[in-house]
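Thanks for asking me to look this one over. My notes follow as numbered points, with the cut-offs given where each term comes up.

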Amino acid sequence: MPSTPLPDVPAVQLVLASASPARRSTLRSAGVEPVVVVSEVDEDLTVAEATERYGLLEPGDIALLLARAKAEDVAARVADDVVVLGCDSVLELDGEVHGKPADAAEAVLRWRRMRGRSGVLHTGHWLVDERDGGGATLGATASTTVHFAEISDAEIEAYVATGEPLTVAGAFTIDGLGGAFVTSVEGDHHNVVGLSLPLLRELLADVGIGWFDVVGSMRGRLDCG
């Protein structure tokens, strides 16, 4: 019996509340073509207000807090027939939270602490279901342990000089130039890129959306990178 081909347009449109090219690429590689709408959330202010209200937050809670803020900000500005996904990542090292380094000097210092050691990359995922007036909102955090190589000062300075560490949480990538400095991970490697596909599938299922409801035909996209 012949299989049923996927439709060109998915049954449910996913909106990604993130400017991250890596997150979009991760979704596209899995067959999901998101509409990207960047949030206008002030991350520092959001964390400061939550800390004042609730006290010191755990690293994973900070990632989830920001993911929710981004998703809800974008959900308030888009059509009511979509599902919005917000994501945010932080690196936990020695109990401290690290997002994007402020400048090259901070990135160098960060890497001198990270080399030869392990950290935990937390990515918060928050889903807002805007279909049919929906309003369902839920989220969770995925955490992956990352083991870093013992790299030299010269390698650190050369890597930071590329500019890549300044654009990503934790000052490293696993799918780019920084991949050579990650010896192994424990957990979902997609999460280190910034979006856990298994967790996203579970969140979608919780609001009654099947994975292939957000997946469209791959025709014309297989060679797009």
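1. Burial. Of the 225 residues in the chain, 47% are buried; here buried means under 20% relative accessible area, exposed means over 50%, and partly exposed is in between, with a 1.4 Å probe and protein chains only. The accessible surface comes to about 11000 Å², and 52% of that belongs to carbon and sulfur atoms. These areas come from the Shrake-Rupley method with a 1.4 Å probe, and for residues only the protein chains shown count as cover.

2. What you are looking at. This is a predicted model, in which local features need pLDDT of at least 70 and side-chain atom pairs count only at pLDDT 80 or more, while totals for chains, interfaces and linings use all residues. Residues are numbered from 1 along each chain as its sequence is written, and side-chain values use heavy atoms, leaving out hydrogens and water.

3. Fold elements. There are seven helices and seven strands in the chain. Read from the N terminus, their order is β-α-β-α-α-β-β-α-β-β-α-β-α-α. Helices (H or I, at least four residues) and strands (E, at least two) are DSSP runs, numbered from the N terminus.

4. Overall dimensions. Along the principal axes, the C-alpha atoms fill a box of roughly 55 × 45 × 25 Å.

5. Contacts along the sequence. Among contacts in the chain with a separation of 6 or more, 70% are between residues 24 or more positions apart; contact means heavy atoms within 4.5 Å.

6. Charges. The chain carries 17 positive and 35 negative side chains, yet the centres of the two sets lie 3 Å apart. Lys and Arg count as positive, Asp and Glu as negative, and His and the chain ends are not counted. Each charge is placed at NZ of Lys, CZ of Arg, CG of Asp or CD of Glu.

7. Aromatic pairs. Rings of Phe, Tyr and Trp (its six-membered ring) pair if their centres lie within 6.5 Å; planes under 30 degrees apart are stacked, over 60 edge-to-face, and the rest tilted. The count comes to five aromatic pairs. One of them is the edge-to-face pair of Trp-111 and Phe-148, at 5.4 Å centre to centre and 75 degrees between the planes. This pair links distant parts of the chain, with Trp-111 in helix α4 (residues 104-114) and Phe-148 in strand β6 (residues 136-148), 37 residues apart. Both Trp-111 and Phe-148 are buried.

8. Tyr-159 lies in helix α5 (residues 153-161) and Trp-111 in helix α4, so the pair ties together parts that are 48 residues apart in sequence. Trp-111 has 0% relative accessibility, and Tyr-159 is buried at 4%. Ring pairs join Trp-111, Phe-148, Tyr-159, Phe-172 and Phe-181 into a cluster.

9. Val-38 sits in the loop between β2 (35-36) and α2 (43-54) and is partly exposed, at 46% relative accessibility. Its C-alpha atom is 5.1 Å from that of Ser-18, 20 residues away along the chain. Beyond neighbours within four places in sequence, Val-38 contacts Ser-18, Ala-19, Val-74 and Arg-77. Lys-70, in helix α3 (residues 59-75), is buried with a relative accessible area of 8%. Not counting residues up to four places away in sequence, Lys-70 touches Ala-17, Ser-39, Val-41, Glu-43, Cys-87 and Asp-88.

10. Backbone angles to check. Which phi value does Asp-94 have? Phi of Asp-94 is near 55 degrees, a positive value in a residue other than glycine, and Asp-94 lies in the loop between β3 (82-93) and β4 (96-98). Ala-171 is not a glycine either, and has a positive phi of about 70 degrees. Ala-171 belongs to the loop between α5 and β7 (182-186) and is buried, at 0% relative accessibility.

11. Val-83. This residue is in strand β3 and is buried, at 0% relative accessibility. Leaving out residues up to four places away in sequence, Val-83 touches residues including Val-12, Leu-14, Leu-127, Asp-129, Leu-204 and Ile-209.
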